[in-house]
Amino acid sequence: MPLQEHNYWLTTAQFPAAHASHPLPEIVDVAVIGAGFTGLSAARTLAKRGAKVALLESETIGWGASSRNGGMVLTGMKLGVNKLISMYGRELTQRMYAASLATIDCVEQIIRDEAIDCDFSRCGHLEVACKQRHFDDYARQAEVIAREFHHTLRVVPKNELSAEIGSNIYYGGMVDEVSSGLNPARYVAGLARAARKAGAEIFEHTRVERIERDFRQGGAGWRISTSRGALWAHEVFVGTSGYTGRATPALQKKLIPIGSFIITTEILPEKLALELSPRNRMIYDSKNYLYYYRLTPDRRMLFGGRAAFFPETDQTVRQSAAILRRGMIDVYPQLSDAKIDYVWGGTLDFAFDIMPHAGQLDGMYYAVGYAGHGVAMATFQGQKIAELMAGDKPENPFVGIKFPGAPLGLYNGRPWFLPFAGAWYKFLDWVT
Ligand SMILES: Cc1cc2nc3c(=O)[nH]c(=O)nc-3n(C[C@H](O)[C@H](O)[C@H](O)COP(=O)(O)OP(=O)(O)OC[C@H]3O[C@@H](n4cnc5c(N)ncnc54)[C@H](O)[C@@H]3O)c2cc1C
């Protein structure tokens, strides 16, 4: 088949019909903005607690990163553990690491409770070293993680790596058996069904344009103006991630939207698929400008990376197909003749400190900043912040940590510096 500029996962999932032409309610307890993992997980938890919830989505359910990602449900955070300890100290980092493991249990529990058919599997992840120096660091990282967090990672030397991956360009690897894989489009569609079953109303094609403090309904709350009219909410929860815009300017200024792109091959012969990834791991490499890849449940190679730093446009998506294909063949020369069936892109959100952040800003609740580690963390934060809103005190070490803005405040939400950042990361990969 000819190359399709289309998200392959969407061809495998059925989304629930939502309330497109349904009138907006006048008053709700909570307005949740964004129907991705964060917003849907929050809406489900809040509705289960008896709150009247309106989930407002400018496009369609799962339209953002949540249906477009690699489906890797990963332990840990984007930053390495030594960096985390230097930023937050041992005790807080221990709590963060424990939370990162809890995020995966959280996803698994929801999938089980809601019977979501999304190919969830505890297949583990493999990080592969692009340089000897990176591999040497794995043993140190594994030792710190075992000592500080009581979590076991297995370092795989180069001469044993063929049991994990059918590529000989790497210097070794590190395996975490706890990480998992799933089909993200089926998962987000299932979460939407679960949120609706719990009683949340989902309004697609409803862009939030302005949010203002409003005391008129007999208490402090918010007037929310949308492309389909206004509603009033006691509380607002923002889960707009890389698509955060002018409706929440304070949050927008703290986030950098960064493009990530994916190709998938045609369905591969079983023998070849087994050779490429004998244990069916979620795989990523050790570079800053990294590649991530995996087999899909129907045995395509899904290969992703930051082929362009700018968010997805027709042009960046098209260029990415060629760039990623070259990257994939460098890793797997066996795929030189494999046809590329699909290419697509999506937008991630990075905070300036590359950490997840959640809590309250300008009186509104939010959870953002997943930096490409959002499948598990977004689900978890949606649930935990919803519990906080319902009056619980859930363990959530990411609430209350410093949420820095741009240095000298030199950023208005338009990432003019992305080409420089892209060049800088390529430079770092060359020298480190
Ligand atoms: C190509 C790609 C690959 C990735 N791979 C992985 C991976 O393998 N593993 C992993 O853990 N993470 C991965 N990620 C990251 C992960 O997908 C995200 O962190 C996660 O999906 C974020 O979920 P979310 O619900 O917060 O945001 P999103 O899913 O992006 O949803 C935000 C929603 O908010 C809506 N919205 C924005 N503004 C408004 C408004 N004003 N009014 C109404 N609605 C609005 C948008 O339309 C959008 O649907 C990847 C991301 C991309 C793009």
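This note goes through selected features of the predicted model, point by point.

1. **The open sheet.** Eight strands make up an open sheet. Their order is β5-β6-β4-β13-β14-β15-β12-β16, and the pairing is mixed. The edges are β5 (154-157) and β16 (340-351). Each has a single partner strand, so one side of each lacks a neighbour in the sheet. From one strand to the next, the twist averages 20°.

2. **β12 with β15, and the helix on the sheet.** Strand β12 (residues 255-265) pairs with strand β15 (residues 301-305) over four bridges, in the antiparallel sense. Within this pairing, T264 has L302 of β15 as its bridge partner. Helix α8 (residues 314-331) packs on the sheet. The helix touches β12, β14 (291-295), β15 and β16. The direction of α8 makes about 60° with that of β12.

3. **β9, β10 and β11.** Strands β9 and β10 run antiparallel and are joined by six bridges. Here E212 stands opposite R223 in β10. Strand β10 (residues 221-226) also pairs with β11 (residues 229-238), again in the antiparallel sense, over five bridges. A hairpin of two residues connects β10 to β11. T226 stands opposite G229 in β11. Strand β10 is mostly covered, with five of its six residues buried.

4. **Aromatic pairs.** The count is 10 aromatic pairs. One of them is Y8 with Y342, a tilted pair. Their centres are 5.6 Å apart, with 50° between the planes. Y8 sits in the segment before β1 (27-33) and Y342 in strand β16, so this pair ties together parts 334 residues apart in sequence. Both Y8 and Y342 are buried.

5. **A stacked pair between helices.** The ring centres of Y97 and F149 are 4.5 Å apart. Their planes are at 10°, so the pair counts as stacked. Y97 belongs to helix α3 (residues 81-113) and F149 to helix α4 (residues 132-149). The pair therefore links parts that are 52 residues apart in sequence. Y97 and F149 are both buried.

6. **A ring cluster and two charges over rings.** Ring pairs link Y291, Y293, F303 and Y332 into a cluster. Elsewhere, the charged end of R68 sits over the ring of W63, 4.7 Å from its centre. The charged end of K254 sits over the ring of F403, at 5.0 Å from the ring centre.

7. **Cysteines.** C118 counts as buried, because its relative accessibility is 1%.

8. Two residues deserve a look on the backbone. H205 has phi near 50°, a positive value in a residue other than glycine. H205 is in the loop between β8 (201-203) and β9 (208-214). With a relative accessible area of 44%, H205 is partly exposed. I354 has phi near 60°, a positive value in a residue other than glycine. I354 lies in the loop between β16 and β17 (357-361).

9. **T38.** Which residues are in contact with T38, leaving aside neighbours within four places in sequence? They are F237, G239, A367, Y370, A378 and G382.

10. **G166.** This glycine, G166, lies in the loop between β5 and β6 (172-176). G166 has a relative accessible area of 19% and is buried. The cut-off for buried is under 20%. The C-alpha atoms of G166 and P278 are separated by 7.6 Å, although these residues are 112 apart along the chain. Leaving aside neighbours within four places in sequence, G166 is in contact with E275, L276, P278, Y332 and Q334. Y332 also belongs to the ring cluster with Y291, Y293 and F303.

Note on methods: Residues are numbered from 1 along each chain as its sequence is written. This is a predicted model: local features need pLDDT of at least 70, side-chain atom pairs count only at pLDDT 80 or more; totals for chains, interfaces and linings use all residues. Side-chain values use heavy atoms; hydrogens and water are left out. Buried means under 20% relative accessible area, exposed over 50%, partly exposed in between (1.4 Å probe, protein chains only). Two strands pair if DSSP finds at least two bridges between them. Axes are lines fitted to C-alpha atoms, for helices over the stretch in contact, and angles run from 0 to 180 degrees between N-to-C directions. Contact means heavy atoms within 4.5 Å. Rings of Phe, Tyr and Trp (its six-membered ring) pair if their centres lie within 6.5 Å; planes under 30 degrees apart count as stacked, over 60 as edge-to-face and the rest as tilted. A charge sits over a ring if NZ of Lys or CZ of Arg is within 6 Å of the ring centre and within 35 degrees of the ring normal.
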